Amino acid sequence: MSTSSVPRPEPTAPSGPLRRPRLPRPTGPGRPQGALPALALFAAVRLAGILTVILTNELRGQPLVRNLAHGWDSRWYLHIATHGYGHLLWISPQGAVQTDWAFFPLYPALIRALTAVLPLTPGRSALLIAWTAAGVAAYGVYLVGHHLYGRGVATALVALWAALPHAVELTIAYTESLFAALAAWALYCVLRGRWLWAGTLAALAGLARPSGFAVAVAVILAAGHQAVRQRGRAPARLWAGALLAPLGWLGYVLWVGSRTGDLLGGYFTVQRAWDSRFDFGAGSVRFLKSLFLHGGGVVYPVALLVVASGVLLFALLCLERPPPALVVFAGLLVLLVVGGSGSFSSKPRFLLPAFPLLVPVARALARTWWLRPPAAMVVYGALTLVSLLCGAYVTAVAHSPL
């Protein structure tokens, strides 16, 4: 897919010798322009990713689309959507009892609702929801980028998000696209001062993934920052949004606790059985030691590269001094990935919703597109090719957990 459809940022009038261009920022409210080309590019790249997975399945003699809807965690979500909670458990090789209470309820609830109104199987419903949510998320990413930096950077931000090495997981039956959609729109509402919407979307994000609390924390801290700036004279809707934000995550955590008989600690006991806990990076250190001593094929070095890049991009994002909500949201996701335990091959997808990390690269790509379009096209084409190959490999070839 050529990037010629990516609009160039409009230059300011030159004065004197040619200098490094400064991309214009929006000067006022209004409907953002240029979203359609960005969304078309996003759809084209992700459609190419799906087709690459299907082609790989064909070459390997596997069912063409089964691993898009029925791989790894997808099977748990589909089982919950069909039978509800408390009907599936798995005994791990280490003897831990893993239950379906570890999986948050919003995605399976949407699957169940869709299968009730449309003649679709749960697997097809799950894919339809994931693909729709990916498009909604891409538009939210565009709106955040446009609000802060203008059309050129917003388009580059969406384009880069579509071409991440692990972006295939936006289009399989996982929760990443749904969570990203809720997070992006919640952050956009924070930027626009729509606090009730921000709190509501944050509460829904808290029902989508364990990391949903990162959205709630970002909304609460942004609301507190705004209240301090207004010397406590903030409107009631700001406080209402801040109170709404954590309710989804807290509600599910307490529900799981009530089912296990340990209201405050039961959820965390369930997660520990899945080797999912915050261990301050001890698991990551053990992984690095094992990787350097014994190697790890393709998936694990790539996962390490993605996580290391996320840490570097977070440092660069802080230097950009974006609104605090974006820094808090992205920083918490990076912290959870680096400091959390669990399979390292799954960590790249945990960073997928952290689109603010791409802001520094998006600004650089937008400048390059204005100064040297061929170079920008080559760079983006290479990123897209890597994304397609990585996506097909981890989905259709590798046997590592996604």
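1. Helices H6 and H17. In this predicted model, helix H6 (residues 151-162) packs against helix H17 (residues 359-371). Their axes lie 8 Å apart, at an angle of about 120°. That makes H6 oblique to H17. The crossing of these two helices is right-handed.

2. Residues between H6 and H17. From H6 come Gly-152, Val-153, Ala-156, Leu-157 and Leu-160. They meet Val-359, Val-361, Ala-362, Arg-363, Leu-365 and Ala-366 of H17. By class, this contact has 9 nonpolar, 1 polar and 1 charged residues.

3. Ala-154. This residue also belongs to helix H6. Is Ala-154 buried or exposed? Its relative accessibility is 0%, so Ala-154 counts as buried. Leaving out residues up to four places away in sequence, Ala-154 touches Tyr-142, Gly-145 and His-146. Pro-93 is another matter: 61 residues separate it from Ala-154 along the chain, and 46 Å lie between their C-alpha atoms.

4. Helices H9 and H15. Now take helix H9 (residues 213-229) and helix H15 (residues 324-339). Their axes come within 8 Å and cross at roughly 150°. An angle over 145 degrees counts as roughly antiparallel, and that makes H9 roughly antiparallel to H15. The crossing of H9 and H15 is right-handed.

5. Residues between H9 and H15. On the H9 side are Phe-213, Ala-214, Val-215, Val-217, Ala-218, Leu-221 and Ala-222. On the H15 side are Ala-325, Val-328, Phe-329, Leu-332, Leu-333 and Leu-336. How do the residues of this contact divide by class? There are 13 nonpolar, no polar and no charged.

6. The nonpolar core. The largest nonpolar core has 123 residues. Those with the most contacts inside it are Phe-42, Tyr-107, Trp-161, Val-215, Phe-329, Phe-355 and Tyr-380. Which helix gives the most to this core? Helix H5 (residues 122-149) does, with 14 residues. Two of the residues with the most core contacts, Val-215 and Phe-329, also take part in the meeting of H9 with H15.

7. Trp-161. This residue is among those with the most contacts inside the core. Its partners, not counting residues up to four places away in sequence, include Phe-42 and Phe-355. Trp-161 also touches Ala-134, Ala-137, Ala-138 and Val-141. Ala-167, Leu-170, Ala-180, Leu-352 and Leu-358 complete the set.

8. Thr-115. Helix H4 (residues 106-117) holds this residue. Beyond its neighbours within four places in sequence, Thr-115 is in contact with Leu-120, Thr-121, Pro-122 and Ser-125. Ala-81 sits 34 residues from Thr-115 in sequence. In space, the two are 9.2 Å apart, C-alpha to C-alpha.

9. Most residues other than glycine have a negative phi. What is phi of Trp-72? Phi of Trp-72 is near 50°, a positive value. Trp-72 is in the loop between helix H2 (66-69) and helix H3 (73-83). It is partly exposed, with a relative accessible area of 34%.

10. Arg-321. Here too phi is positive, near 55°. Arg-321 lies in the loop between helix H14 (299-320) and H15. Is Arg-321 buried or exposed? At 75% relative accessibility, Arg-321 counts as exposed.

Technical notes:
Residues numbered from 1 in each chain as written. Predicted model: local features only at pLDDT ≥ 70, side-chain atom pairs only at ≥ 80, totals over all residues. Heavy atoms only, no water. Axes fitted to C-alpha atoms, helices over the stretch in contact; angles between N-to-C directions. Helix = DSSP H or I, 4+ residues; strand = E, 2+ residues; numbered from the N terminus. Parallel < 35°, antiparallel > 145°, perpendicular 65-115°, else oblique. Left-handed = near helix turned anticlockwise from the far one by under 90°. Contact = heavy atoms within 4.5 Å. Nonpolar A, V, L, I, M, F, W, Y, C, P; charged D, E, K, R; others polar. Core = buried A, V, L, I, M, F, W, Y, C linked by side-chain atoms within 4.5 Å. Buried < 20%, exposed > 50% of the residue type's maximum accessible area, 1.4 Å probe, protein only.
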